[in-house]
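Please find below a short note on the model under review.

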Amino acid sequence: MAEQISLTQHLGQLRDRELAQLIAVVAGLSADIRREFPHRLITENAVENKYGEFTRELDDWTNKEFCRALIGSKLVRKVYSEELAEPLLGEPGAPFEVTMDPLDGSSNIVANNPFGSIFGVWRKSLPATGREQVAAFFKLYGPITTLVYTTSETKKVAEFVKARKGVVQYNLLYDGLTIPDEGKVYGVGGNPLDFDEKYGGFLKRLVFGHKLKTRYCGAFVADFSQILHYGGYFGYGGTRKSPNGKLRLFFESNPIALIAEHAGGRSSDGGKSILDVKSDNMEQRVPTHVGNKHIIEELEETLK
Ligand code: AFP
């Protein structure tokens, strides 16, 4: 068997040593986090967050674990989290600002469907555009734990799998991961009754023209992971009721958009790359479309 390449070895290739250290800190937490999941499923005591959504104990606990690790690393001067009303402040001179959705897809917890954690990293002070991210990565807690990362230095996407025996180590699965040219699947968030006709028409073409199969998980990380591996389209676009859709620009859409584009795909808010969306509002929601380049171009053409 060929020798496995660990995440530590892979991060060793980065010239940006501070960034390599930061990614390693977050990766290092997954053993503990995953071990705690079965014991923190309590759904009573749910509290309302800043979006009026009910968060579970697991959301809160995961958020605190990541915050502790990020601030403790002394590499992060500000943590913006979907679960925090205000950013958490670290050392003022630290190199990075981080955005995170600590538990993306937490409504999947009850049904034991996949969920994950999403991170965006900036050296610039936020708000800034997604294109200015120096790194983006996510963890996906499915049947196995995977970690996918990209950086502005490499512009490549690598995927790792958490190794066995409780050792805090990841082994490389794919280096230079690219979205396959021929898309196979599509997933769409939101209620189709709220979609406008143009978007509805585009979705019909995905089925009858592009012959894509429906796959929807209800967790952005898991839905995107399918696109990364099988190609196709995932969207949580604007609806008549919510023109900006549901996904948050800084916590969910920007990091996934950077990974999608570095994997040879495209992201879009319906008119342009998500990475070029400007907003001073850290809570901004954005219509979010990711997938194969030609499919996203077709979407933009349709929505014009
Ligand atoms: P939760 O973390 O509240 O489950 O939201 C997850 C999410 O933001 C994103 O991961 C999914 O793509 C989307 O919501 C699913 O939304 P629907 O429940 O409307 O399908």
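The numbered points below concern the model shown above.

1. The model is predicted: local features need pLDDT of at least 70, side-chain atom pairs count only at pLDDT 80 or more, and totals for chains, interfaces and linings use all residues. Residues are numbered from 1 along each chain as its sequence is written, and side-chain values use heavy atoms, with hydrogens and water left out.

2. The C-alpha trace spans about 50 × 50 × 35 Å along its principal axes.

3. Of the 304 residues in the protein chain, 57% are buried (under 20% relative accessible area, with a 1.4 Å probe and protein chains only). Among contacts (heavy atoms within 4.5 Å) with a separation of 6 or more, 62% join residues 24 or more positions apart.

4. The protein chain contains eight helices and 15 strands, taken as DSSP runs (helices H or I, at least four residues; strands E, at least two) and numbered from the N terminus.

5. Five strands form an open sheet of mixed pairing, in the order β12-β11-β13-β15-β14; two strands pair if DSSP finds at least two bridges between them. Its edge strands, β12 (213-214) and β14 (266-268), each pair on one side only. Strands β13 (residues 232-236) and β15 (residues 288-291) run antiparallel and are joined by four bridges. Tyr-233 has Gly-291 in β15 as its bridge partner.

Technical notes: Buried means under 20% relative accessible area, exposed over 50%, partly exposed in between (1.4 Å probe, protein chains only).
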